[in-house]
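Walk through this structure with me, one region at a time. Keep the viewer open and follow each stop.

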Amino acid sequence: MKSAPFSVASKLVGDAAVIYPKGYLNNLSGESLVKECGIYIGKGITKIVVNFSETDLINSIGISLLLQIIEDLKNIKGTICCTNMSKFLRDTFEMLGLIQYMVVFSAESDALEYLNTGKR
Amino acid sequence: MPVPSNAIPAEDFLNRESELHYLKGLSALKERALGGNVFLEGARGMGKTELLMQLHRALFREEDVVPFYYPFKTANQKGGYFAKDYFTRFVRQYLAFVKKESAIAENVAEPLSCLVPAIASLGLHWLTDCIENFQAHLNHRDFYWQLIAAISAPVTAAQKGGKPVTVMLDDFDAAEQLFESSFGDAHALISLFGESMQNRLCPHVVTGSAGALDALFTDHSLLGMTERMRLGPLPEDLAVQLFRTHLATLKITCAPDLRFAFLALLRGNPLYIRNLAKATWKMEKKELTEKDLVECYGFEVSEGETAFYWTSVFNRYVQNPTKRRAMVKLLKHAMESGGMEERGRLSIISGLCEAETASILDAIEATGILRDENAVFQDFIRALYMREIEGRKPGDVREKIESKYLSAEEGSCFELVIPMSSNAELVVAKAVEQIGINMNLDADFLNHLQLALIEVCINAMEHSGSYEKKVFLKFITQPNRLEIIVENSGRPFSLDSLTELPVGEKLQMGIKRGWGFKLVRSIMDSVKVERVNDRTRVIMAKEIKDKEVHP
């Protein structure tokens, strides 16, 4: 566990936003993530990729906030993809039975392609 | 009932040579006005009674000083019965000394009248007169003179018989409870011993609770006549030697690598050492290991002789079962909070009114048990609390006590306190990371442990409403097990209060929170939540399998 200070970076790739949460995803940082996604949703973006490659740790509050984003996108018929999840992160979502409600890719490029073409 | 001749073999009575030597010479010192009486002080089980019995035996084997030993612990406190018992025992022990036949002292079934011919044949006519006088007081039902005659019998014997008498009064504080016909009807009968204690031919060696006797020697005619002798614990090496001796007597063999490290817990207390040795025999141990010692100890403090001993002490001071339970609660509270606080507040703990609570606190003070505070006593209280207050089964209680030491014995224990502040749980996660590295745990496995711990901590921070705003953590590591205890004050929490809905249903209902304990339960092998006084305690354990450890 590196537990770097949490930060969120993002970029727009075509019509999809790619978000990079970094560090420990808890209540405070989860709020930042929700806010960052909200900014894109506010701009009419309905395709979001969350790249977890630099997320060290997530707690249950972070998970609930992630579910919030999934629901927000669902409400606007948008899509969210999760990528570059560590084994630990994947196992955690699996333990909770949440993985089936998420669209997961091992690489960011695979997610972007899926969002572009609709094919996995 | 202790009988002087039941003393352990002198060679097994360790590290008390100087005390024994001093007490043996006490009569000579008192005759020359260089010494007086001795109040033998020391924690319970430290060997005060045994020292008296050794002194009795040593004097019995010689000719110069007559030993008289009287145990108040088992005495009937009704004055008339006490007087008869005290007098009869003295006569028996005196005759046994003169004839050098210890059996005379032990044969309590034989009436005193049967001893008169033997006394007469020895020419001890003054003793026959004493017996007749005492009988006359009995016949006249003269309570006061019965007591005086009994208590002064050693003085009379010393004056008439020409040999000083060393009087050994074991648990002398019980004499404060002497009464005439009903409890509390005759105060200060104990002061009748003052005359006898002042006599130059009769040094007295007394034992008893320091709490009770402090008051006695301060307010009483005995002030200034009595010196204190403190019996300390056996040094570590002698404690092991004594334990080995007991094991040899009981024919218990030891594993070759047994270091007796666990014995340090007994703090050189001969009673505890003996009881633990006996427990190994009762539990039919062979090739004794350190783990066996812990197991036998768990039995001892919960159901064995040590538990029985302390229960008897409790019963002596507090007879009412409800009050005894309250006493247990108060003692456990005192142990956990490092002492007794303001009396008024303690009635909340005891569950009784302030007056009743005060009487229990007085009894606790009189027993002196908080002064004698030691790990064994504390474990006895824990065991008693689990059994009587929490209603746990004996096996469960034993296991709890054992687990405390098995963990500490074979592994390590780390404690940590964190504030209930933002990201404080990450400090805990870092701590468990280092513990995991020490245990060579696999990184992925370790991440999950961190997550479980974080969840319990944030649950405490979010929901407890604690004014203390602290979370207390304890990590107990063993080669193949990790136990984590998380404790916080504030609002109670129970696993039963959690409702487990299927994930789909939960999401459909828009419920996004409540994943924490689901994670904890998935990660850990066992999760238990207890309420201890005003604190919630979460106990999590994880067995470490080979695949989760780096080679």
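Predicted model: local features only at pLDDT ≥ 70, side-chain atom pairs only at ≥ 80, totals over all residues.

Just after helix α19 of chain B, B:Gly391 takes a positive phi of about 70°. Step back into the helix itself. α19(B) covers residues 375-389.

B:Asn374 caps the N-terminal end. A side-chain oxygen of B:Asn374 lies 3.1 Å from the backbone nitrogen of B:Val376. B:Val376 is itself buried, as are B:Phe377, B:Gln378, B:Asp379, B:Phe380 and B:Ile381. Further along α19(B), B:Ala383, B:Leu384, B:Tyr385 and B:Met386 are buried too.

About 40 Å³ of space lies in the largest cavity. By class, the lining has 6 nonpolar, 2 polar and 1 charged residues.

Zoom out to chain B as a whole. Chain B has 24 helices and 10 strands. Of its 551 residues, 51% count as buried. Take the contacts in chain B with a separation of 6 or more: residues 24 or more positions apart account for 73% of them.

B:Leu495 sits in the loop between β8 (481-489) and α23 (503-508) of chain B. Which residues does B:Leu495 touch, leaving aside its neighbours within four places in sequence? They are B:Phe517, B:Arg521, B:Val527 and B:Val529. B:Glu530 is 35 residues from B:Leu495 in sequence, and their C-alpha atoms are 9.5 Å apart in space.

B:Asp362 is found in helix α18 (residues 354-367) of chain B. With a relative accessible area of 43%, B:Asp362 is partly exposed. B:Asp362 and B:Tyr317 are 45 residues apart along the chain, and 9.6 Å separates their C-alpha atoms.

Turn to strand β1 (residues 37-41) of chain B, which contains B:Glu41. B:Glu41 counts as buried because its relative accessibility is 15%, under the 20% limit. What does the side chain of B:Glu41 meet? It makes a polar contact of 2.8 Å with the side chain of B:Arg228.

Helix α8 (residues 143-151) of chain B is next. Its buried residues are B:Phe143, B:Gln146, B:Leu147, B:Ala149, B:Ala150 and B:Ile151. What covers them includes α4 (79-99), α7 (125-139), α9 (153-161) and α10 (193-198) of chain B.

Cross to chain A and its helix α2 (residues 60-75). This helix has 16 residues and reaches 22 Å from its first C-alpha to its last, close to the 22 Å expected. A:Asn59 caps its N-terminal end, with a side-chain oxygen 2.9 Å from the backbone nitrogen of A:Ile61. The buried residues of α2(A) include A:Ile61, A:Ile63, A:Leu65, A:Leu66, A:Ile70 and A:Leu73.

Most residues other than glycine have a negative phi. A:Lys77 is not a glycine, yet its phi is positive, about 60°. A:Lys77 counts as exposed, at 76% relative accessibility.

Chain B holds another such lysine. B:Lys469 has a positive phi of about 55° although it is not a glycine. It lies in the loop between α22 (443-463) and β7 (470-478) of chain B. At 48% relative accessibility, B:Lys469 counts as partly exposed.

How values were computed
Residues numbered from 1 in each chain as written. Chains lettered and ligands numbered in written order. Heavy atoms only, no water. Buried < 20%, exposed > 50% of the residue type's maximum accessible area, 1.4 Å probe, protein only. Helix = DSSP H or I, 4+ residues; strand = E, 2+ residues; numbered from the N terminus. Contact = heavy atoms within 4.5 Å. 1 Å grid on protein atoms, 1.4 Å probe; cavity = no way out; pocket = protein on both sides within 12 Å on 5 of 7 lines; lining within 4 Å. Points joined across faces, edges and corners; volume = space filled by probe spheres on them. Nonpolar A, V, L, I, M, F, W, Y, C, P; charged D, E, K, R; others polar. Expected span 1.5 Å × (residues − 1). Polar contact = N/O pair within 3.5 Å; in protein donor to acceptor, adjacent residues only side chain to side chain.
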